[in-house]
Amino acid sequence: METGKFITVEGIEGVGKSSNVEHLAKAIEARGYAVLTTREPGGTPMAERIRDLLLHHGDEPMPDIAELLLMFAARSLHVNNVIAPALASGTWVVCDRFVDASRAYQGGGRGLPLEDIDQLASLVLGDLKPDVTILLDAPVEIGMSRADKRGAPDRIESERAAFFERVRACYLSLAASDPDRFVIVDATADINTVRDKIESIVAVIDSNKTD
Ligand code: TMP
């Protein structure tokens with residue numbers, strides 16, 4: 001059976017990931033494919049419990065390495081129990097954040113070595129990697145002002161602008177180093193322009209299908 005395509009959507013807070021993930025899924029469905037939308041950290045009942053641990057303001061400090069390991073523990077559950085079976089059954093998977101978020105936030109933002117993160121990625125994911133990663137990019141002040149309107153910030157959203165500048169810079173450098181996988185979309189463009197771009201990305205993936 002033909003395996004599904006795996007598309008991840010990345011970006012700093014407030015770049016419109018959720019609404020664009022929805023639009024992406026509709027564009028895939030419109031081409032006649034089954035599609036599953038999911039998110040990280042989370043995507044399975046146990047991984048969603050890990051998400052709560054990660055995002056709630058806890059009553060003890062969270063070491064950076066514990067944050068990284070919890071991201072990958074949740075990811076292991078998500079990949080094994082949801083993503084890999086869906087892809088194997090021919091369903092396309094659209095995931096709101098994936099391993100590049102660990103590179104950008106725990107690597108770029110927190111300063112953990114990218115080589116360590118890549119080692120964890122190979123341990124947890126084996127050969128699995130996204131076919132296409134859409135990076136929704138916007139300046140930090142624009143993202144943060146949109147995210148502020150959503151209410152009380154969670155533990156990671158409470159970081160300062162300098163943290164998100166490092167996250168954004170890391171995303172852009174990941175995209176530059178893997179241009180075959182990444183597509184950068186200007187998230188400051190008007191909503192219809194962004195949607196048209198997303199539809200054109202789906203059209204290209206569909207036309208490139210070889211397996
Ligand atoms: P969300 O706000 O997009 O749902 O993501 C939750 C937060 O988790 C967001 O601040 C980014 C962060 N995150 C990481 O720091 N590392 C990761 O690997 C993932 C998947 C998310």
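In this predicted model, L68, L69, F72, R75, S76 and V79 of α3 are in contact with I117, L120, A121, V124 and L125 of α5. By class, this contact has nine nonpolar, one polar and one charged residues.

**α3 and α5**
- Helix α3 covers residues 64-88 and helix α5 covers residues 114-125; the angle between them is about 25°, and their axes lie 10 Å apart.
- Because angles under 35 degrees count as roughly parallel, α3 is roughly parallel to α5.
- The crossing in which α3 passes α5 is right-handed.

**α4 and α7**
- The axes of α4 and α7 are 8 Å apart, and the two helices pack at an angle of about 130°.
- That angle makes α4 oblique to α7.
- α4 crosses α7 in a right-handed sense.
- On the α4 side, the contact is made by D100, A101, R103, A104, Y105, G108 and G109.
- On the α7 side, F163, F164, R166, V167, C170, Y171 and L174 take part.
- Sorted by class, the residues of the contact of α4 with α7 are nine nonpolar, two polar and three charged.

**α6 and α7**
- Helix α7 also packs with α6: their axes come within 10 Å and cross at roughly 120°.
- The resulting arrangement is oblique for α6 and α7.
- α6 passes α7 in a right-handed crossing.
- V140, E141 and M144 of α6 touch A161, F164, E165 and R168 of α7.
- The contact of α6 with α7 has four nonpolar and three charged residues, and no polar ones.

**Largest pocket**
- The largest pocket holds about 540 Å³ of space.
- It is lined by 28 residues, of which E13, K17, R51, D96 and R97 are the closest to its centre.
- The helices α1 (17-29), α2 (45-55), α3, α4 (99-109) and α6 (140-148) each supply at least two residues of the lining of the largest pocket.
- α4 makes the largest contribution to this lining, with four residues.
- By class, the lining of the largest pocket has ten nonpolar, six polar and twelve charged residues.

**Largest cavity**
- The structure contains one cavity of 30 Å³ or more.
- The largest cavity has a volume of about 40 Å³.
- Its lining consists of G11, I12, L135, L136, D137, A138, R168 and Y171.
- β4 (132-137) and α7 (161-177) each provide at least two residues of the lining of the largest cavity.
- β4 gives the most to this lining, with three residues.
- The lining of the largest cavity divides into five nonpolar, one polar and two charged residues.

Technical notes: Residues are numbered from 1 along each chain as its sequence is written. This is a predicted model: local features need pLDDT of at least 70, side-chain atom pairs count only at pLDDT 80 or more; totals for chains, interfaces and linings use all residues. Side-chain values use heavy atoms; hydrogens and water are left out. On a 1 Å grid over the protein atoms alone, a cavity is a set of points where a 1.4 Å probe fits but cannot get out, and a pocket is an open set with protein on both sides within 12 Å along at least five of seven lines; lining residues have an atom within 4 Å of a point. Grid points are joined across faces, edges and corners, and a volume is the space filled by probe spheres set on the points. Ala, Val, Leu, Ile, Met, Phe, Trp, Tyr, Cys and Pro count as nonpolar, Asp, Glu, Lys and Arg as charged, and the others, Gly among them, as polar. Axes are lines fitted to C-alpha atoms, for helices over the stretch in contact, and angles run from 0 to 180 degrees between N-to-C directions. Angles under 35 degrees count as roughly parallel, over 145 as roughly antiparallel, 65 to 115 as roughly perpendicular and the rest as oblique. A crossing is left-handed if the near helix is turned anticlockwise from the far one by less than a right angle, and right-handed if clockwise. Contact means heavy atoms within 4.5 Å.
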